[in-house]
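Q: I'm new to reading protein structures. Could you walk me through one, feature by feature?

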Amino acid sequence: MKPQFTEGSRATGIRPRWLALAVLAAYQGGAVGAEPAIELPAVEVIGTTPLPGIGLPVEKVPANVQTVKGKALEDQRSLTIADYMAQNMTGVNVNETQNNPFQPNVNYRGFTASPLLGTPQGLSVYQDGVRINEPFGDVVSWDLIPVNALAGMTLMPGSNPLFGLNTLGGAISLQTKRGFTHQGGAVELSGGSWGRYNAQAEYGGVAANGVDYFISGNYFDEDGWRDGSPSEVRQVFGQLGWRNDTTDLSLTMSLADNDLIGNGLVQKEFLSAQGWDAINTKPDQTENELAFFNLNGSHWLNDATMLSGNAYFRNARTRTLNGDINDDVDDDDFNADCASFANSVNPEEDAESGCGGALNRSKSNRVGYGFSGQINFNQDWLGHQNLFIVGLGYDRSRTDFKQSTEFGDITATRGVNGAGIFGDEAEVDLRGVNRTWSLFATNTFSFNDVYHLSLSGRYNHTRVENRDQLIPDASNPESLTGNHDFHRFNPAIGLAITPSKNLSFYASYNEGSRAPTAIELGCANPDQPCKLPNAMAGDPPLDLVVSKTFEGGVRGKVANGIAYSASLYRTQNTDDIQFIAANSTGAGYFSNVGKTRREGVDLGVNGETGKFRWFAGYSYIKATYQSNFSIANEVNSSAVDTDSDGDADTIFVSKGDTLPGIPRHQLKLRGEWQALPQWTIGANIVAFSSQYSHGNENNDHQGAGGKVSGYTVVNLDTRYNFGNTGWQLFAKVNNVFDKQYHTGGMLGETFFEANGTFMGGDDEFSALVAPGAPRAAWIGVRYAFGKAGGR
């Protein structure tokens with residue numbers, strides 16, 4: 001019979017075949033067919049492509065790969081994979097730009113995966129082989145990923161071309177649970193600070209006819225720790241599969257209906273004058289809906305050749321409502337009309353001015369489908385072990401994007417009352433179609449038991465078609481209509497050296513690329529800065545971003561089971577796209593800024609001593625601009641007047657200036673102590689150094705707000721199992737010492753006094769920050785039954 005697998009890559013490329021079968025059985029926790037039981041040490045297998053296929057032992061992979069099992073997510077009660085990564089994985093930091101636990105900016109080695117339009121994306125995210133970066137902006141909606149349905153995840157570093165577009169700095173590959181590997185069920189309830197309560201359930205099994213099934217649900221509700229910041233998350237995941245000795249099929253379904261409010265950056269002076277939960281303006285609401293279906297399949301053609309692939313359909317909708325400042329209205333009569341109208345609609349909250357506020361609304365409907373397929377050849381070549389994979393993929397998406405601005409008044413609580421008066425300049429009605437087809441191949445050749453050479457490549461061709469529904473004529477300079485084509489072949493080469501089973505060295509070079517998205521192509525004019533996701537206009541074209549990564553390192557194990565890893569890397573981007581803060585709070589434009597570079601060191605060590613398990617990780621990340629350029633900016637103290645109009649409106653960025661938002665040093669510690677056979681106590685300590693604020697790209701701003709100070713946070717968790725009954729009591733405390741800190745910042749403007757009084761359209765400089773969450777605690781109970789009770 002053939003090796004069988006379900007999530008990500010299961011077969012190992014190890015010869016002979018019975019060894020691969022034994023490794024697979026050990027991974028899944030059971031026997032495979034009638035093969036005899038064989039006692040073998042654990043072998044960690046890594047998928048070299050996003051699709052299910054034949055993987056490699058980790059020691060043969062020429063990269064510092066990090067893997068996580070779903071049990072770790074469960075034990076630490078991580079709300080999202082971003083939450084877990086921020087506390088446990090080297091090279092990762094989070095900017096809580098929205099201050100919503102489901103909307104963080106996740107940075108890995110200086111590259112970002114974010115749910116926010118306007119954030120240049122540099123990480124790709126896959127769920128069961130399907131890239132889930134949204135087609136409009138390449139953003140990642142963390143709230144649409146069902147964490148309690150995850151069997152594991154892999155963080156692949158570098159510009160690995162096999163993971164397709166947007167893999168500039170790394171790729172996150174998620175594998176979901178299924179009935180064959182996760183039999184039994186569990187129900188979990190928890191609650192605590194900020195009015196939060198969370199209910200989760202899951203159940204999986206295998207029917208007598210060989211059909212396996214798994215279903216999970218997650219409901220989350222909280223008031224939020226900041227003013228006016230409630231959120232509600234509803235997720236359902238289902239899986240139905242079948243397999244025999246040669247064929248494996250699995251259909252998954254992900255559904256979500258979420259309502260998130262994260263009120264974003266706030267003036268630093270508000271936090272001291274009004275309290276740590278103060279906000280700027282409100283609301284800042286995002287509603288996400290998802291229906292995602294994915295069919296994965298594999299078939300062994302013979303003992304050494306396997307065909308695998310997937311086909312998917314994804315339908316997502318996003319609605320946003322943002323209460324903002326309208327700093328462009330100076331007509332007194334117009335303002336008076338607005339105030340009169342708003343007070344007549346809502347007499348309980350007196351208007352502080354006329355049309356000083358704006359309600360920016362957007363709608364985004366996204367429909368995508370595609371397929372990928374590959375053939376895996378695990379057979380000797382020239383008398384040596386060799387794994388060859390070749391495949392192709394096609395993805396198509398259509399996005400219908402609309403936005404509008406309604407003017408209104410600013411209330412005493414900094415909300416916005418709409419006045420029924422709409423602005424034409426901010427109205428957008430755009431249809432964008434993205435098509436990408438790809439060819440890829442990878443080959444790992446083992447010269448002997450020590451030297452293993454990998455060669456890979458991927459060709460991508462992307463076409464972006466924008467159709468402006470308001471100004472369809474492409475010859476009109478105000479129109480968004482246009483076609484944009486991008487194509488490139490990205491190569492990779494790597495060498496792994498394995499002198500023993502407990503020591504391996506590696507070195508690699510790889511290239512990746514990212515095509516500009518519809519939102520970036522529609523907001524690239526420095527003369528017309530956008531307050532995203534609003535105000536798009538006809539703009540100059542942008543170029544394809546190309547990244548090139550060199551990496552080298554060592555990993556191994558020493559006595560007493562202590563494992564270690566160390567890696568050095570350098571990634572240089574050409575024609576990097578950055579969102580440049582311009583002349584008002586939140587406003588700016590996308591631009592190719594030439595070259596940028598991220599280079600650094602990742603160090604990790606972990607072990608187990610008696611009843612104590614521990615991990616320590618340190619990362620050094622130096623992220624710099626490698627080109628000289630000027631950008632529009634009126635809020636940086638070093639800005640100069642370049643057009644002799646009396647306004648300082650331009651800053652100059654020089655080669656070597658540090659990119660904003662990326663701390664240079666980070667330290668992470670994790671410890672778990674089994675105090676009793678049933679009782680475990682865990683702790684995380686994370687420490688980050690200072691970082692430059694957005695708007696200070698030249699690092700020359702003098703005064704408040706130019707940098708965000710470093711910080712250290714301690715979190716605790718514990719769980720107690722009541723024997724073999726399946727019952728577990730757990731608790732978690734975040735920010736144990738109630739540290740006040742900021743995870744990011746931006747130079748900007750304020751239209752309010754420190755006490756919150758609206759200044760009637762006048763503005764002053766302000767340092768905007770993303771405050772970290774204060775101390776909070778939650779407690780819960782979990783009941784596992786069936787085979788899940790024994791896991």
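A: Let's start with a pair of strands. Strands of a sheet pair through backbone hydrogen bonds, either parallel or antiparallel. Here strand 3 and strand 9 (residues 150-157) pair in the antiparallel sense, over four bridges. Two strands count as paired if DSSP finds at least two bridges between them. Helices (H or I, at least four residues) and strands (E, at least two) are DSSP runs, numbered from the N terminus. Residues are numbered from 1 along each chain as its sequence is written. This is a predicted model, so local features need pLDDT of at least 70, side-chain atom pairs count only at pLDDT 80 or more, and totals for chains, interfaces and linings use all residues, while side-chain values use heavy atoms, leaving out hydrogens and water.

Q: Which residue in strand 9 stands opposite Lys69?

A: That's Gly152.

Q: How do I read the chain as a whole?

A: Count its elements, then look at burial. The protein chain has six helices and 42 strands. Buried residues make up 59% of its 791 residues. Buried means under 20% relative accessible area, exposed over 50%, and partly exposed in between (1.4 Å probe, protein chains only).

Q: How many salt bridges does a search of the whole structure find?

A: Side chains of opposite charge can pair when their charged atoms come close. The search finds 34 salt bridges, each a side-chain nitrogen of Lys or Arg within 4 Å of a carboxyl oxygen of Asp or Glu. One of them joins Arg435 and Glu465, with the closest N and O atoms 3.1 Å apart. This pair links distant parts of the chain: Arg435 is in strand 21 (residues 416-446) and Glu465 in strand 22 (residues 451-468), 30 residues apart.

Q: Which residues does Glu672 form salt bridges with?

A: Glu672 forms one with Arg670, the closest N and O atoms being 2.7 Å apart, and another with Arg719, at 3.4 Å. Glu672 lies in strand 34 (residues 665-676) and Arg719 in strand 38 (residues 711-721), so this pair ties together parts 47 residues apart in sequence. Both Glu672 and Arg719 are buried. Salt bridges that share partners join Lys71, Asp75, Arg613, Arg670, Glu672, Asp717 and Arg719 into one network.

Q: What do strand 38 and strand 39 form?

A: They form a hairpin with five residues between them, and Gly723 in the turn has a positive phi of about 60 degrees. The two strands pair in the antiparallel sense over six bridges, with Asn721 opposite Gln728 in strand 39. Strand 39 is also joined to strand 42 (residues 776-785) by eight bridges, again antiparallel.
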